[in-house]
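Subject: Structure handover

Hello,

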Amino acid sequence: MIKSIQNSEHYKWGENCDGWHLLKSDSLSVIQEKMPPGTAERIHIHTQAQQLFFILSGTATFKIKDELLTVNSGESMHIPKGTVHSIANHGVNELEFLVISEPKSHGDRTDL
């Protein structure tokens, strides 16, 4: 089936951020997300899921443990399971990205 944000399950998270489940299974999750400027998620950890964030547009700032890393459009960031992390949009434009989790990360998150 062809999937897009127009025909996928939508949810709100954080500070007026959006997510769309493009693929939702126990073994693999693909979500397209949007973050308005000035938003950030809480620092957290996944004990089972590894994640890959692919930036579609905008610039993401990742906090990995105590390090800040900038990831631009067309680049990706791999987060191994058990890694303390968060993503933020410190830019002036909307941040849009794919987050691919294996296995799914919903239900496998501990905020720190």
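Which side chain meets that of Glu41 in a salt bridge? The partner is Arg109, with an N to O distance of 3.3 Å. A salt bridge here is a side-chain nitrogen of Lys or Arg within 4 Å of a carboxyl oxygen of Asp or Glu.

Some conventions before the rest. This is a predicted model, in which local features need pLDDT of at least 70 and side-chain atom pairs count only at pLDDT 80 or more, while totals for chains, interfaces and linings use all residues. Residues are numbered from 1 along each chain as its sequence is written, and side-chain values use heavy atoms, with hydrogens and water left out.

Salt bridges

The count comes to 6 salt bridges. For the pair above, Glu41 sits in the loop between strand 4 (39-40) and strand 5 (44-45) and Arg109 in the loop between strand 11 and strand 12, so the bridge ties together parts 68 residues apart in sequence. Strands are DSSP runs of E, at least two residues long, numbered from the N terminus. Glu41 is buried at 15% relative accessible area, whereas Arg109 is partly exposed at 38% (buried is under 20%, exposed over 50%, partly exposed in between, with a 1.4 Å probe and protein chains only).

Arg42 and Asp111 also form a salt bridge, at 3.6 Å, N to O. Arg42 lies in the loop between strand 4 and strand 5 and Asp111 in strand 12, so this pair joins parts 69 residues apart in sequence. Arg42 is exposed at 59%, and Asp111 is partly exposed at 37%. Glu41, Arg42, Arg109 and Asp111 are linked in a network of salt bridges.

Another salt bridge pairs Asp26 with Lys104 at 3.2 Å, N to O. These two are 78 residues apart, Asp26 in the loop between strand 2 (17-24) and strand 3 (29-35) and Lys104 in the loop between strand 11 (95-102) and strand 12 (110-111).

Largest pocket

The largest pocket holds about 350 Å³ of space. A pocket is an open set of points on a 1 Å grid over the protein atoms alone, where a 1.4 Å probe fits, with protein on both sides within 12 Å along at least five of seven lines; lining residues have an atom within 4 Å of a point. The volume is the space filled by probe spheres set on the points, which are joined across faces, edges and corners.

The lining has 22 residues, and Tyr11, Trp13, Glu33, Glu41 and Arg109 lie nearest the centre. Strand 11 gives the largest share, 3 residues.

Regards

Methods. Helices (H or I, at least four residues) and strands (E, at least two) are DSSP runs, numbered from the N terminus.
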